[in-house]
Amino acid sequence: MTKIILSDTGESIHVKVKGHNEDSKVCASISTLVLTFSQMILDSNSKSRMDLEAGNADISVRKDDLGMYALDMIHALNFLRTGFRMLADSYPDKVKVVHRE
């Protein structure tokens, strides 16, 4: 089971993924979403904290640091939420998504 925690505090965005998924399709899907989101943050040159390792990810970025990329990050976060929701709906025994505001 992979647990995904998504937080948007108004000041910062936080994405935490815990647990390697043994289903290769689910694992590849989660990895693709997380790595794409991470690359978008890196491309924005914003200050962020990223800890990425097999089966786990912990990503935080302050919205104030996004500058002209703020709207792009809102879209990217919505894309990420949609992808994770679709995985949780399709594989409820393998993916759990928690939203925290």
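Modeller: Before we name any elements, helices and strands here are DSSP runs, numbered from the N terminus, with at least four residues (H or I) for a helix and at least two (E) for a strand. Please also keep in mind that this is a predicted model.

Colleague: Fine. Which elements each supply at least two residues of the lining of the largest pocket?

Modeller: Those are α1 (24–43), β3 (48–53) and β4 (56–62), and the largest share, 5 residues, comes from α1.

Colleague: And how many residues line the largest pocket, and which lie nearest its centre?

Modeller: The lining has 16 residues, with I30, S31, E53, G55 and N56 lying nearest the centre; by class, 8 are nonpolar, 7 polar and 1 charged. The space in this pocket comes to about 220 Å³.

Colleague: How do β3 and β4 run, and how many bridges join them?

Modeller: They run antiparallel and are joined by 6 bridges, one of the pairings being D51 with D58 in β4. The hairpin they form has 2 residues between the strands, and G55 takes a positive phi there, near 85 degrees.

Colleague: Where else is there a positive phi, in a residue other than glycine?

Modeller: N45 has one, with phi near 60 degrees, and N45 sits in the loop between α1 and β3. Most residues other than glycine have a negative phi.

Colleague: Is N45 buried or exposed?

Modeller: N45 is exposed, because its relative accessible area is 69% and the cut-off for exposed is over 50%.

Colleague: Switching to the core, which residues have the most contacts inside the largest nonpolar one?

Modeller: V15, V17, I30, F37, L80 and F84 do, in a core of 23 residues. At least two residues of this core come from each of β1 (2–8), β2 (12–18), α1, β4 and α2 (70–90), and α2 gives the largest share, 7 residues.

Colleague: What does F37 touch?

Modeller: Leaving out residues up to four places away in sequence, F37 touches I13, V15, I59, M73, A76, L77 and L80.

Colleague: Last one, where is H14, and what does H14 touch?

Modeller: H14 is in strand β2 and, again not counting residues up to four places away in sequence, touches I5, L6, S7, R49, D58, I59 and S60. H14 counts as partly exposed, because its relative accessibility is 21% and buried means under 20%.

Technical notes:
Residues numbered from 1 in each chain as written. Predicted model: local features only at pLDDT ≥ 70, side-chain atom pairs only at ≥ 80, totals over all residues. Heavy atoms only, no water. 1 Å grid on protein atoms, 1.4 Å probe; cavity = no way out; pocket = protein on both sides within 12 Å on 5 of 7 lines; lining within 4 Å. Points joined across faces, edges and corners; volume = space filled by probe spheres on them. Nonpolar A, V, L, I, M, F, W, Y, C, P; charged D, E, K, R; others polar. Pairing = 2+ DSSP bridges. Core = buried A, V, L, I, M, F, W, Y, C linked by side-chain atoms within 4.5 Å. Buried < 20%, exposed > 50% of the residue type's maximum accessible area, 1.4 Å probe, protein only. Contact = heavy atoms within 4.5 Å.
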